[in-house]
Protein chains: 2
Amino acid sequence: MSNNHFRRGELYSVINGMASIAVARRLQKNFRAAGLEITIEQWSVLYHLWKEDGLSQQELCNRTFRDKPSITRLIDNLEKQKLVKRVASPTDRRINLVQLTDAALELQHITIDLANQTMNEALEGVEKHEIETVKSVFQRVYDNLMGIAETTVDDRR
Amino acid sequence: MSNNHFRRGELYSVINGMASIAVARRLQKNFRAAGLEITIEQWSVLYHLWKEDGLSQQELCNRTFRDKPSITRLIDNLEKQKLVKRVASPTDRRINLVQLTDAALELQHITIDLANQTMNEALEGVEKHEIETVKSVFQRVYDNLMGIAETTVDDRR
DNA sequence: GACATATAGTTAGTTATGCAACTAATTTCA
DNA sequence: TGAAATTAGTTGCATAACTAACTATATGTC
């Protein structure tokens, strides 16, 4: 283990605190201001489908880091809004392939622009090398907690 | 505005992504493993009361960065678990002062130890100066988004 | 003093999360 | 081949978030 084992607990509220919440709220607000009804959680699912359409729900669990019930309900809501549809896999009857509708395809550029704009607002005055440090620290944190034989997010049951 | 306005949108998932979720889940898991029933959200409220007991609900909103309904229900649940009680303010009948019970006072050391331990797991191998950079970037992000005449979290209505 | 405004807190509705328990389909392997 | 184990997805329950609308109390101003 590393050598500085003291009073790091307060750092929880750095990694998972006001800044993260503020960014999420600002992105949601910018979506609404643009007349978009989607939540950022729904957007994060669409984001992965824009990169690769027709993923299974399980694959969406893996990529969005959510559990299966969460994905089930996110897909339910996205389906209600006619942004995706569930299509039975031709090869495995257990699997739903989630496919984007034309309406969802139209959202791609505007929402990604809004995300870029939001992060530019958030990171105003932050240096590139600082961003790189944040990225590498967060990658390290993720590896520390999810690596090896630790709890995985899916298939705990 | 700053000069690097391109493709920062993906950074949303750095600041608000897998690492943050992994840390929250690990802390919750460590609470459960120690036989503690509280959620990390409840813990964050207790945390502020340990620092200063008898805060009003509004003051807890300000300090925990949550809105009033969220605090109402967190206090409801904490009261059910007999960890806090609402006490009418003697000077202003609108105000509830939230006071810790003995049971809550007993949780302080063990939960803070668990938070320290969790963050040590998470930050294994991360250098101090890197942590300082993360802190300063997050402070900057918070200031960028919450400063000036922007949306405040409370009293939007 | 009375009316308008502001503040503290609650309630209702929608979305989302995590856990546990469940069904249905597929794979493993004796 | 057929029973056991695994995998994909859904449902139920509890907690929590945000928005909007509400009640009650306090303050400010004419």
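In this predicted model, the contact between the two chains draws on 58 residues from chain B and 58 residues from chain A. Put together, chain B and chain A bury about 5,900 Å², and 64% of that sits on carbon and sulfur atoms. On the chain B side, Arg8(B), Tyr12(B) and Leu145(B) stand out: the trio supplies 12% of the area that chain B buries against chain A, more than any other three residues.

Polar contacts do turn up, with 14 residue pairs across the interface of chain B and chain A, both partners at pLDDT 80 or more. Looking at which parts of chain B do the touching, the elements giving two or more residues are α1 (12-15), α2 (18-33), α3 (40-51), α6 (102-123) and α7 (128-146) of chain B. Of these, α7(B) gives the most, with 15 residues on the side that touches chain A. Sorted by class, that side of chain B holds 31 nonpolar, 13 polar and 14 charged residues.

Over in chain A, helix α3 covers residues 40-51, 12 residues in total. From first C-alpha to last, α3(A) reaches 17 Å, close to the 16 Å expected at 1.5 Å a residue. The helix is mostly covered, too, with 10 of the 12 residues of α3(A) buried. The buried set takes in Trp43(A) and Trp50(A), along with Ile40(A), Val45(A), Leu46(A), Tyr47(A) and Leu49(A). Gln42(A), Ser44(A) and His48(A) are also among the buried residues of α3(A).

Technical notes. Residues are numbered from 1 along each chain as its sequence is written. Chains are lettered from A and ligands numbered from 1 in the order in which they are written. This is a predicted model: local features need pLDDT of at least 70, side-chain atom pairs count only at pLDDT 80 or more; totals for chains, interfaces and linings use all residues. Side-chain values use heavy atoms; hydrogens and water are left out. Contact means heavy atoms within 4.5 Å. Buried area is the accessible area (1.4 Å probe) that two parts lose on being put together, summed over both. A polar contact is a pair of N or O atoms within 3.5 Å; within protein, one must be able to donate a hydrogen and the other to accept it, and residues adjacent in sequence count only if both atoms are side-chain atoms. Helices (H or I, at least four residues) and strands (E, at least two) are DSSP runs, numbered from the N terminus. Ala, Val, Leu, Ile, Met, Phe, Trp, Tyr, Cys and Pro count as nonpolar, Asp, Glu, Lys and Arg as charged, and the others, Gly among them, as polar. The expected span of a helix is 1.5 Å times one less than its number of residues. Buried means under 20% relative accessible area, exposed over 50%, partly exposed in between (1.4 Å probe, protein chains only).
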